[in-house]
Amino acid sequence: MKKLKLKELESCLQQVDTFENPKLLLEQYPTRPHIAACMLYTIHNTFDDIENKTIADLGCGCGMLSIGSAMLGAGFCVGLDIDADALEIFNSNIEDFELTNVNMVQCDICSLSDSMSDTFDTVIMNPPFGTKHNKGIDMIFLKTALQMAKTAVYSLHKTSTRQHIEKKAAEWEVKMEVLAELRFDLPASYKFHKKKSVDIEVDFIRFSAKKVLN
Amino acid sequence: MKLLTHNLLSSHVPGLRPGGGFPLRIEVREGKCEGRDPPETPPVPAPPSPLRGRGRLVEIPLLPFSLPPEPLPDYEANEEFLRRLHHVLLEVEVLEGSLQCPDSGRRFPISRGVPNMLLTEEEA
Ligand SMILES: C[S@@+](CC[C@H](N)C(=O)[O-])C[C@H]1O[C@@H](n2cnc3c(N)ncnc32)[C@H](O)[C@@H]1O
């Protein structure tokens with residue numbers, strides 16, 4: 001397989017169509033192509049957790065991370081999201097990119113619990129942060145991801161929650177490593193926000209999937 | 001939906017016995033099948049451990065041939081079997097149809113290749 005350069009990956013990801021009418025309550029905003037490309041590139045080059053691997057993308061939305069993984073040579077990638085509209089756009093992205101090794105499933109990550117234990121090599125996700133009346137959903141995503149992954153989970157979390165995550169990781173006996181600290185400009189959440197967007201600090205974290213969950 | 005994905009799914013209707021809701025019965029209205037059986041290309045990726053819980057190869061209506069009802073004991077070394085498995089898991093696609101929970105009978109629709117595993121609020 002031809003080696004993709006970081007810049008090439010980023011410009012491909014700029015072609016990915018994203019949410020038409022983003023649903024605030026589901027925290028629908030795409031991972032920016034630049035950030036997605038950097039994340040995936042690190043996962044691929046530093047850890048070799050993409051090529052020929054089976055990958056799950058939890059809260060896949062329109063498929064930014066799945067499509068990027070497929071372009072880097074993922075063996076097979078499954079995107080899971082609760083929202084049919086987002087998956088519809090994902091589907092047409094797959095057609096545009098002519099990808100054959102990506103599938104989608106419409107489901108609620110919160111109801112999976114451990115039914116997919118050890119089914120994927122790698123889980124990659126940009127989960128909801130739990131700021132929209134869905135407090136704690138980030139940790140449900142993380143726990144589910146750790147159960148699904150055989151090797152590693154890559155995820156984004158608000159830097160302000162790092163201590164809490166470290167505590168949980170210790171409890172679950174998974175190793176965690178903050179790979180990068182990012183800044184996200186999220187669409188401002190409530191109408192009374194004056195600014196169009198708010199900046200938040202986000203950690204890009206790798207967890208190795210060793211588990212004593214439950 | 002490829003059959004590799006199907007192999008990962010189970011239904012989450014409340015009250016099922018432990019380990020229930022699997023394997024989902026596949027009903028196909030429209031499907032497609034790429035490649036040949038057995039495919040000429042080597043099985044890449046050799047699905048690492050595609051057979052959840054071993055011994056549960058499901059009956060699949062689309063297949064142009066039959067797989068043994070259970071994975072062969074030495075299947076990881078059996079090239080011919082791996083090729084067939086690869087074909088089945090990655091080249092056969094269900095576009096329209098449904099998945100039926102073997103325990104509750106609940107049907108989950110598949111449309112445009114995407115299975116919808118959501119339960120309604122009353123069900124969940
Ligand atoms: C921050 S967006 C990330 C989208 C995409 N992964 C990306 O990187 O561009 C979070 C996604 O999680 C989905 N989501 C929210 N709650 C969910 C749930 N309970 N189960 C599954 N997906 C959910 C939303 O629909 C949304 O697409």
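## Salt bridges, and what counts as one

A salt bridge here is a side-chain nitrogen of Lys or Arg within 4 Å of a carboxyl oxygen of Asp or Glu. Side chains of opposite charge can pair when their charged atoms come close. This is a predicted model, where local features need pLDDT of at least 70, side-chain atom pairs count only at pLDDT 80 or more, and totals for chains, interfaces and linings use all residues. Residues are numbered from 1 along each chain as its sequence is written, chains are lettered from A and ligands numbered from 1 in the order in which they are written, and side-chain values use heavy atoms, with hydrogens and water left out.

Take A:Arg183 and A:Asp199: they form a salt bridge, with the closest N and O atoms 3.3 Å apart. This pair ties together distant parts of the chain, since A:Arg183 sits in strand β6 of chain A and A:Asp199 in strand β7 (residues 197–208), 16 residues apart. (Strands are DSSP runs of E, at least two residues; helices are runs of H or I, at least four residues; both are numbered from the N terminus.) A:Asp199 counts as partly exposed, at 46% relative accessibility. On that scale buried means under 20% relative accessible area, exposed over 50%, and partly exposed in between, using a 1.4 Å probe and protein chains only.

## More pairs, within and between chains

Over all chains, the count comes to 18 salt bridges. One of them joins the side chains of A:Glu88 and B:Arg112 (2.5 Å, N to O). That pair crosses between chains, going from helix α4 of chain A to the loop between β3 (107–111) and β4 (114–115) of chain B. A:Glu88 is partly exposed at 43% relative accessibility, and B:Arg112 is partly exposed at 37%.

Back in chain A, A:Glu171 and A:Lys168 meet in a salt bridge at 3.3 Å, N to O. Both lie in helix α6, 3 residues apart, which is about one turn of the helix. A:Glu171 is partly exposed at 45% relative accessibility, and A:Lys168 is partly exposed with a relative accessible area of 24%.

## A:Glu98 and its negative patch

A:Asp17, A:Glu20, A:Asp96 and A:Glu98 make up a negative surface patch. Patches take residues with over 30% relative accessible area and no salt bridge, and join like charges within 9 Å, or nonpolar side chains (Val, Leu, Ile, Met, Phe, Trp, Tyr) within 5 Å. Asp and Glu count as negative, Lys and Arg as positive, while His and the chain ends are not counted.

A:Glu98 sits in the loop between α4 (84–97) and β3 (102–106) of chain A. A:Glu98 is exposed, with a relative accessible area of 69%. Its backbone is worth a look too: A:Glu98 has a positive phi of about 55° although it is not a glycine.

Most residues other than glycine have a negative phi, and most peptide bonds are trans. A:Glu173 also has a positive phi, near 55°, and is found in the loop between α6 (162–172) and β6 (175–187) of chain A. Over in chain B, the peptide bond from B:Phe22 to B:Pro23 is cis, with omega near -10°. B:Pro23 lies in the loop between α1 (3–6) and β1 (25–33) of that chain.

Conventions. Accessible areas come from the Shrake-Rupley method with a 1.4 Å probe; for residues, only the protein chains shown count as cover. The place of a charge is taken as NZ of Lys, CZ of Arg, CG of Asp or CD of Glu.
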